[in-house]
Amino acid sequence: MTQDSPQDKPAAEAKLWGGRFSEPTDAFVERFTASVDFDRRLYREDIRGSQAHAHMLARVGVLSEDEARRIVDGLDAIREEIAAGEFDWQVGREDVHMNIEARLIERIGDVGKKLHTGRSRNDQIATDIRLWLRAAIDEILELIRSYQSGLVDLAEREADTIMPGFTHLQTAQPVTFGHHMLAWYEMLERDAERLRDCRRRVNILPLGAAALAGTPYPLDREYVAEQLGFDGVTRNSLDAVSDRDFAIEFSAAASTLMMHLSRQAEELVLWTSAQFDFIELPDRYCTGSSIMPQKKNPDVPELVRGKTGRVYGHLTSLLTLMKSQPLAYNKDNQEDKEPLFDTVDTLLGSLRAFADMVPDLAVRRANTLAATTRGFATATDLADYLVERGVAFRDAHEVVGRAVRLAQERGVDLAQLSLEELQQLSAAVGEDVHDVLTAEGSVAARRVTGGTAPEQVRRQVAAARARLAAAGDQSST
């Protein structure tokens, strides 16, 4: 029996790439290097890309129309098998590509062996990931719009609700609850802008780069790009198969979005505490304690806050994965999928939870208003009042500082100081001074564009609704 005899290397021959090898892959190595356990979720994208590739091969004369039809029909049948849970995923076939291709050959015979003409798993996986991530971004953008819409509705409902605004977590100035919700909206608006911009760079087709150098076959890459909805094709085959910038960029945008959700989660956790008691979350988004009967724990926002760390970790993982890779493709890149998959899953879950939960929270308006009387929230209003009466701002600042000290000594709020006490601090104080020392007067005066006055909140609500409608129209075209 010669060394080249098929009987000497049955396991190597079973591999679609096994012709060069004289012994089978070690069983441990086979398991260690396989990715099918996690990249099988790309099967729809893999089949869709393969079908477009087959149509193109027929278009340029590499396949006959009948061969292309048989391949496309065979792939349709395989997609149905997978969707029905009837597909036999095999670790020995390594990944989603080889599992599907091997099954195709089983179904339609040698014609299936022609599908891989003019491509490599290197450009194939780069295409699959881009197709998958493009759809994921669209789903994330839709959830962001849903959450923003809920925030806008909540902002309109609470446009007149007064609460303390904070800096350093210390009472700063009165604001409206609606204004605060619109601040969350603006965070998400920037997140959506980043994701839409990222999507443009995701939506470039690498298929046709083959392993790294292109291919001698007369491929029509632009035709494939059009069939798959890509905006264009990659310009350099080396870069096409080794680029994961788009995944890193997405993960950076996802990390920023999770940071915003975490900040919002932190405020929700604080506001539900007995020490604040500003809001109540729906019972269906909270849990109790196994030992303390009174507890209603804000588990959903707490968990979103905690999940932020794993998304940050995935970004670091991808950056580290790519930092020392020479051109072109390296097996390291197999490690790009699990961080990317989990980032998307975490983001979708967190957004869905907030989009459903936050619009239904109940605001305890009496408590938020009462909280503005603690911490001298209208001190700046008193300073502005004095400036309008000719007092230099730094002098007004000093006067108000002394007024705050007096109120602290008396154990009262600024609005509870008498007219005589305030006039002793500054001759500029008039009989109308108490009008600016109320939280209602404070927020009503903040009518500057983007300010907290209820009329401004309603104006911004209308503008936000118009932007959301425009974004929805754009996404549907």
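1. Rings of Phe, Tyr and Trp (its six-membered ring) pair if their centres lie within 6.5 Å, with planes under 30 degrees apart counted as stacked, over 60 as edge-to-face and the rest as tilted. The structure holds nine aromatic pairs. The ring centres of phenylalanine 87 and tryptophan 89 are 4.5 Å apart and their planes stand at 55°, so this pair is tilted. Phenylalanine 87 and tryptophan 89 are buried (buried means under 20% relative accessible area, exposed over 50%, partly exposed in between, with a 1.4 Å probe and protein chains only). One aromatic cluster is formed by Phe166, Phe177, Trp184, Trp271, Phe276 and Phe278.

2. On the basis of the note: this is a predicted model, in which local features need pLDDT of at least 70 and side-chain atom pairs count only at pLDDT 80 or more, while totals for chains, interfaces and linings use all residues. Residues are numbered from 1 along each chain as its sequence is written, and side-chain values use heavy atoms, with hydrogens and water left out.

3. Two arginines lie over phenylalanine rings. The charged end of arginine 41 sits over the ring of phenylalanine 341, 4.6 Å from its centre, and arginine 134 lies over the face of phenylalanine 230, at 5.0 Å from the ring centre. The criterion is NZ of Lys or CZ of Arg within 6 Å of the ring centre and within 35 degrees of the ring normal.

4. The largest nonpolar core has 73 residues, and those with the most contacts inside it are Leu133, Tyr147, Phe250 and Val358. Such a core is a set of buried Ala, Val, Leu, Ile, Met, Phe, Trp, Tyr and Cys residues joined through side-chain atoms within 4.5 Å. Its largest share, 15 residues, comes from H7. Apart from this core lies another, of 32 residues, among them Ile78, Leu131, Leu205 and Leu228.

5. Glutamine 148 is placed in helix H7 (residues 121-157); helices (H or I, at least four residues) and strands (E, at least two) are DSSP runs, numbered from the N terminus. With 2% relative accessibility, glutamine 148 counts as buried. Leaving aside neighbours within four places in sequence, glutamine 148 is in contact with Tyr185, Leu188, Glu189 and Leu468, contact meaning heavy atoms within 4.5 Å. Tyrosine 147, with residues up to four places away likewise not counted, touches residues including Trp184, Leu188, Phe354 and Val358.

6. In helix H9 (residues 221-228), the residues Arg221, Tyr223, Val224, Ala225 and Leu228 are buried. The buried residues of H9 pack against helix H4 (43-59), H7, strand E3 (204-205) and strand E4 (232-233).

7. A search of the whole structure finds 43 salt bridges, each a side-chain nitrogen of Lys or Arg within 4 Å of a carboxyl oxygen of Asp or Glu. In one of them, the closest N and O atoms of glutamate 139 and arginine 352 are 3.6 Å apart. That pair links distant parts of the chain, with glutamate 139 in helix H7 and arginine 352 in helix H13, 213 residues apart. Another joins glutamate 156 to arginine 465, the closest N and O atoms being 3.0 Å apart. Since glutamate 156 lies in helix H7 and arginine 465 in helix H19, the pair ties together parts that are 309 residues apart in sequence. At 39% relative accessibility, glutamate 156 is partly exposed.
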